[in-house]
Amino acid sequence: MRPMLEIDLPYILVDGRRFRGDVRRIEDLRPVLMDNLSEEGDAYYMFRDVRPVHETLRYDITVMPARILGREFIKTMGHYHDGPYPEIYGILRGEAIFILQKRAGRDEVLDDLVLIRAKEGEIVRIPPYYGHVTVNPSKSMLVLENIICRKCRSDYEPYIRMRGSAIYVTVDGIVRNNRYLYVPKLREEKPDKGEIFSLDLKDLLKLCPYQ
Ligand SMILES: O=P(O)(O)OC[C@H]1O[C@H](O)[C@H](O)[C@@H](O)[C@@H]1O
């Protein structure tokens, strides 16, 4: 069942419990943005461990108000995981574009690039070894839920070094990031229907391989 959620930034109430989020600022996003920007302010809010799932898994909520940064729609920093950890996202409110990419040995050479458009009531799975960025391409607030293995750490360095993912989602459409040396043809995939709390625990436990 989806959580009862009230948003009063920088706080949220999840099933009646109040949490204060960690804030990702526009200044933090600067190194991964297409355009050079002098703007400042809050970009998005990350609320971690806000509902129990299982001792090995963490459930987070991310709230990203709509905003345009230069020509780009607001997005997450982007990261790879430090091991073979998949991740599952659900869209609680709004619309999202997920950009997934898989490296072929070096940060600047990819062997897969995938775009997934998802809206409220849909699920997106991040496979092991895929880096991922989530964009809010709309005029409304995006609210995401995600479940991830507690052991998993995020590696932001490749996204900072490459100045974001291989493509940017802008008001003029998709723009290629020319810092990448080789990028395969962009594939578009569909999300699944559903909410992550309706998934089987057996399915969710696959998020923590080898335990
Ligand atoms: O870590 P970022 O690229 O900024 O993305 C933001 C989100 O990423 C992960 O999925 C975390 O589990 C979330 O807690 C976080 O809010």
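The model is predicted, with local features requiring pLDDT of at least 70 and side-chain atom pairs counted only at pLDDT 80 or more, while totals for chains, interfaces and linings use all residues. Residues are numbered from 1 along each chain as its sequence is written.

The protein contains three helices and 20 strands, assigned as DSSP runs (H or I, at least four residues, for helices; E, at least two, for strands) and numbered from the N terminus. The C-alpha trace spans about 45 × 40 × 25 Å along its principal axes. Among contacts (C-beta atoms, placed from the backbone, within 7 Å) with a separation of 6 or more, 74% join residues 24 or more positions apart.

Around the ligand there are 13 residues, of which Met46, Asp60, Thr62, Thr76 and Met77 come nearest; a residue is near a molecule if its C-beta atom, placed from the backbone, lies within 6 Å of it. Strands β6 (57–64) and β15 (142–149) each supply at least two residues of this shell.

Arg103 lies in strand β11 (residues 95–104). This residue counts as partly exposed because it has 17 C-beta neighbours inside 10 Å. Apart from neighbours within four places in sequence, Arg103 is in contact with Val109 and Leu110. The C-alpha atoms of Arg103 and Asp60, 43 residues apart along the chain, are separated by 26 Å.

Technical notes. Contact = placed C-beta atoms within 7 Å. Buried ≥ 20, exposed ≤ 12 C-beta atoms within 10 Å, placed from the backbone.
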